[in-house]
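Biologist: Please take me closely through one part of this model, the stretch towards the end of the chain.

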Amino acid sequence: EFLRCKENRDYVQPQLHTGGPAFSSTGSVAGKDLEAEREAYSNAEWTERVEKWKMRQEKRGLVSKDDGGGNDQGEEDEYLMAEARQPLWRKVPMPSSRVNPYRIVIILRLIILCFFFRFRILTPAYDAMPLWGISVVCEIWFALSWILDQFPKWFPINRETYLDRLSLRFEREGEPNKLAPVDFFVSTVDPLKEPPIITANTVLSILAVDYPVDKVSCYVSDDGASMLLFDTLSETAEFARRWVPFCKKHNVEPRAPEFYFSQKIDYLKDKVHPNFVKERRAMKREYEEFKVTINALVAKAQKKPEEGWVMQDGTPWPGNNTRDHPGMIQVYLGSEGALDVEGKELPRLVYVSREKRPGYSHHKKAGAMNALIRVSAVLTNAPFMLNLDCDHYLNNCKAAREAMCFLMDPQFGKKLCYVQFPQRFDGIDRHDRYANRNVVFFDINMKGLDGIQGPVYVGTGCVFNRQALYGYDPPVSEKRPKMTCDCWPSWCCCCFGRSRKTKSKKKGQGSLLGGLLPKKKKMAGKHYSRKGSIPAFELEEIEEGLEGYEELEKSSLMSQKNFEKRFGQSPVFIASTLMEEGGLPEGTTSSSLIKEAIHVISCGYEEKTEWGKEVGWIYGSVTEDILTGFKMHCRGWKSVYCCPERAAFRGSAPINLSDRLHQVLRWALGSIEIFMSHHCPLWYGWGGKLKFLQRLAYINTVVYPFTSIPLLAYCTIPAVCLLTGKFIIPTQSC
């Protein structure tokens, strides 16, 4: 095991914050948010908005007209409190004028298909039976593919979010900020193929996100153990001390400097700060100097020394052998020792490179993401995680808040496994010759799935519920008890009086035991005890046994031993899985957490556990994203498709044909791998909680590569017919 700390040039290396829950009790900025909301409207607009609210209240009988001469400030405060109680989002069905014609066309085509196949099957070409048979089989396959593609689009919807209500509810003035912490994951493999300057821009956009800094942590996974990326993050952390306050002071978008400075728009629009132009020029000059520094690191990395890379302190770089190296963790930002130029705290930035040894299967990106899950659970344990590819930056600084409108909903949020954002790309030519925009998929198919059980996971731009990735089942909504009456005798079977009284009595007994036993949560067919947002065990209790518990609790707590078989031999990580609201176990220290984090990224940690099978990103396919989302939907979780007006994320698309073909080939191979595995949607999870139309959509994702075979055969048939003089349709003789 290895832990390497590197001193930065201009500030002392910070220490990790530990010893307390992840939900900080620092002061809120809600007062500023309320003022900003009011300032967003003119006086007349704000007065009109309050008056409309008063009229609605009068219609409901909550306010009388005689109360009109009251305190205006009190009315405004009451209005804001009423706004805070409103839903954080709403579902917007597609207009029937757009959807119904589409549905009618589908039904008409289906009727025509039935008549077509009736004709094709009942009128065979006896003189060319092989050609006729092949053509009919191909046509049946095309029809099934069309059905699989069309019917999941039957219920398309849109969703709207209300960020002002989110602030009013969770960022109240004079109270602790109650927004949930978020861990950001950035994955990269080879910095020579994935330019470090692009990764640096992604990290900078995350560090400047519009979210409380004490609730943001950025983890960068370096699966290539590259010293180039290590040094790049060191320079990025230093530049972030100036870039982050500039973004928040002037509210610039996007907050990735490469793309902000390259915008061909009027950057002075809506800017009123007198020093903005001067500070922008200075920041652009500093960014150009930063780019020169990164380019120098890239040029240096082109030729590897024979003795291997050496760090600035003279010690050899542990990752010189990319296939045989120890685990490495470096914390750059996130404590009192690493503040920005204005003296304010910055989000935590953590470099992670998991251990690799010969003879172990590392499972590519899925294995790297699972390592990030465990490291983040030990160091910060935020209840939500947002994963990005290294070439996808935050184009909308409020993207995390958009996701929180769904995930922090008191009812709906508990059943959500993830919130998926659409992928948008830069650098696409006007004609989109390589179809990188994927308009049909992201703007039609995904909205259709959102009306069923939720969109599929597409690998990036997704905010996860940590509990869903741990393999837990979603909470089951309790049904309301049916109304009963005592107007009939107990022996009368009409009202089932006796049986209902017996059930209520048993229910009362169960509630008594429920008060004594810890709450249970279902996971993979078993019940595991859970105690809300506090640690279920002290570390000593996990290690030493079950002493100190009552006999009534011991039978329930015995099942905790199964957690080691499921999650691995880490008491700190096991304790973190039992904390639904996130946070860290009490009594831990910085050094102990770092050592535990190194332990959970060791190459042998996942052996004889359920990582990659039921927990985390699922192994077995290069398209681990589809497989992971499919498993969660089979457990009954729902997902949401969030399309804010300003794109949440933007990435880099393939700019040449070879890269595009390689990407499409990888997707096709991943779909075939899923089809050949026991996770194939054709037979996996029947009798579970996956909705039928959702299953059709997943079946379509794994069978579409096979369409190339009947397509090739069907295109060959006309040439064969011309050469042989035989046709697939019977000819009529005169």
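Modeller: Start with residues 706–729, where the chain is 71% helix and 0% strand, and the end C-alpha atoms lie 25 Å apart. This is a predicted model: local features need pLDDT of at least 70, side-chain atom pairs count only at pLDDT 80 or more, and totals for chains, interfaces and linings use all residues. Numbering runs from 1 along each chain as its sequence is written, and side-chain values use heavy atoms, without hydrogens and water.

The unreviewed UniProt entry labels residues 706–729 "transmembrane region", along with residues 100–119. Such annotations may be inferred rather than shown by experiment; positions follow the numbering used here, and feature names are shortened. Residues 100–119 are 100% helix and 0% strand, with end C-alpha atoms 29 Å apart.

Now step back along the chain. Helices (H or I, at least four residues) and strands (E, at least two) are DSSP runs, numbered from the N terminus. Helix α22 spans residues 657–675 and helix α23 residues 692–703. Their axes come within 7 Å and cross at roughly 120 degrees. Axes are fitted to C-alpha atoms, for helices over the stretch in contact; angles run from 0 to 180 degrees between N-to-C directions. Ser671, Ile674 and Phe675 of α22 meet Thr701, Val702 and Val703 of α23 (heavy atoms within 4.5 Å).

Next, strand β15, residues 649–652. Strands pair if DSSP finds at least two bridges between them. Strand β8 (residues 392–394) pairs antiparallel with β15 over three bridges. There, Tyr393 stands opposite Arg650. Strand β10 (residues 424–426) runs parallel to β15, also joined by three bridges. Phe425 stands opposite Gly651.

Key
Buried < 20%, exposed > 50% of the residue type's maximum accessible area, 1.4 Å probe, protein only.
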